[in-house]
Amino acid sequence: MFEADDAKTTLNRRQLLRGQFHQQPLLIRPPWARPEDEFVQLCTRCDACLRACWDEILVRGSGGFPEIRFHSSGCDFCGDCLQACETGALQAPVPAPSLAWSHRASIKPDCLSLNGIVCRSCGDACDTDAISFRLQTRGRATPELDTERCNGCGECYAVCPNDSISLAIPEAS
């Protein structure tokens with residue numbers, strides 16, 4: 001790893017050689033992926049999980065390893081990718097959404113609703129009701145996110161017309 005203290009950016013060798021000097025967005029592996037080091041060791045890049053994903057949110061990412069891209073829809077935690085993985089790179093005692101990964105959604109300040117424009121796309125898409133809207137004066141409603149209810153499925157990310165949803169692993173407090 002190469003670190004630039006002044007920019008607070010951590011780059012891996014591949015990023016450096018490709019001239020990608022900006023911090024990469026959160027890398028999201030398939031649900032129930034083992035820790036990154038184990039996952040990379042066990043995954044053979046056979047694409048079985050990609051073929052099993054009927055939502056087509058699993059794509060071949062950097063180095064040929066599977067990654068999730070929530071641009072068209074979110075994950076419904078069906079478990080098909082888990083069943084398709086024969087190498088053990090994906091493993092769960094029970095394929096529960098709460099065990100799939102630790103990242104959660106957050107709402108950026110450029111959210112349309114936060115800026116007085118009527119939009120409730122994220123709340124409508126949220127199956128766990130983690131996003132609700134608090135009514136304000138003058139007919140406005142502001143989104144509120146309950147991170148305890150959020151399972152990181154990415155449905156809100158996929159439907160946001162302003163790219164105002166981000167996914168990140170919450171910092172331990």
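Let me begin with a term: a salt bridge here is a side-chain nitrogen of Lys or Arg within 4 Å of a carboxyl oxygen of Asp or Glu.

What we are looking at is a predicted model, in which local features need a pLDDT of at least 70 and side-chain atom pairs count only at pLDDT 80 or more, while totals for chains, interfaces and linings use all residues. Residues are numbered from 1 along each chain as its sequence is written, and side-chain values use heavy atoms, with hydrogens and water left out.

First, the overall layout. The protein has 6 helices and 8 strands, where helices (H or I, at least four residues) and strands (E, at least two) are DSSP runs numbered from the N terminus. Read from the N terminus on, the order of these elements is β-β-α-α-α-β-β-α-β-α-β-β-α-β. Of the 173 residues, 39% are buried, and by buried I mean under 20% relative accessible area, with exposed being over 50% and partly exposed in between, using a 1.4 Å probe and protein chains only. The exposed surface comes to about 10,900 Å², with 49% of it supplied by carbon and sulfur atoms; these areas come from the Shrake-Rupley method with a 1.4 Å probe, and for residues only the protein chains shown count as cover. If we take contacts, meaning heavy atoms within 4.5 Å, between residues at least 6 apart in sequence, then 58% of them join residues at least 24 apart.

In soluble globular proteins, nonpolar side chains tend to be buried together. A nonpolar core is defined here as a set of buried Ala, Val, Leu, Ile, Met, Phe, Trp, Tyr and Cys residues joined through side-chain atoms within 4.5 Å. The largest such core holds 35 residues, and those touching the most other members are Trp-32, Leu-58, Ile-68, Phe-70, Phe-77, Leu-90 and Trp-101. Two or more residues of this core come from each of helix H3 (48-52), helix H4 (80-84), strand S6 (131-135) and strand S8 (165-168). To take one residue, Phe-70 touches, beyond its neighbours up to four places away in sequence, a set of residues including Ile-28, Ile-57, Trp-101, Tyr-157 and Leu-167.

Now to a charged residue, Arg-104, which is found in strand S5 (residues 104-107). What is the nearest side chain of opposite charge to Arg-104? That side chain is Glu-148, 7.7 Å away, and Arg-104 is buried yet has no salt bridge; for charge, Lys and Arg count as positive and Asp and Glu as negative, while His and the chain ends are not counted. The side chain of Arg-104 does reach backbone oxygens, with that of Trp-101 lying 3.4 Å from one of its polar atoms and that of Asn-151 at 3.5 Å. Leaving aside neighbours within four places in sequence, the contacts of Arg-104 include Thr-147, Cys-150, Ser-166 and Pro-170.

Back to the salt bridges, as promised. Arg-60 pairs with Asp-47, the closest N and O atoms being 2.7 Å apart. This pair links distant parts of the chain, 13 residues apart, with Arg-60 in strand S3 and Asp-47 in the loop between helix H2 (36-42) and H3. Both count as partly exposed, Arg-60 at 45% relative accessible area and Asp-47 at 21%. In another salt bridge, Glu-67 and Arg-69 meet at 2.8 Å, N to O; here Glu-67 is buried at 8% relative accessibility, whereas Arg-69 is partly exposed at 38%. Glu-38 and Arg-34 also form a salt bridge, at 3.0 Å, N to O.

Finally, a few residues in loops. Most residues other than glycine have a negative phi, and most peptide bonds are trans. Glu-56, although not a glycine, has a positive phi of about 60 degrees; Glu-56 lies in the loop between H3 and strand S3 (58-60) and is exposed, with a relative accessible area of 64%. Asp-129, also not a glycine, has a positive phi of about 55 degrees, and its place is the loop between helix H5 (121-125) and S6, where Asp-129 is partly exposed at 48%. Glu-86, in the loop between H4 and S5, is exposed at 77% relative accessibility, and its C-alpha atom is 9.5 Å from that of Cys-49, 37 residues away along the chain.

How values were computed
Polar contact = N/O pair within 3.5 Å; in protein donor to acceptor, adjacent residues only side chain to side chain.
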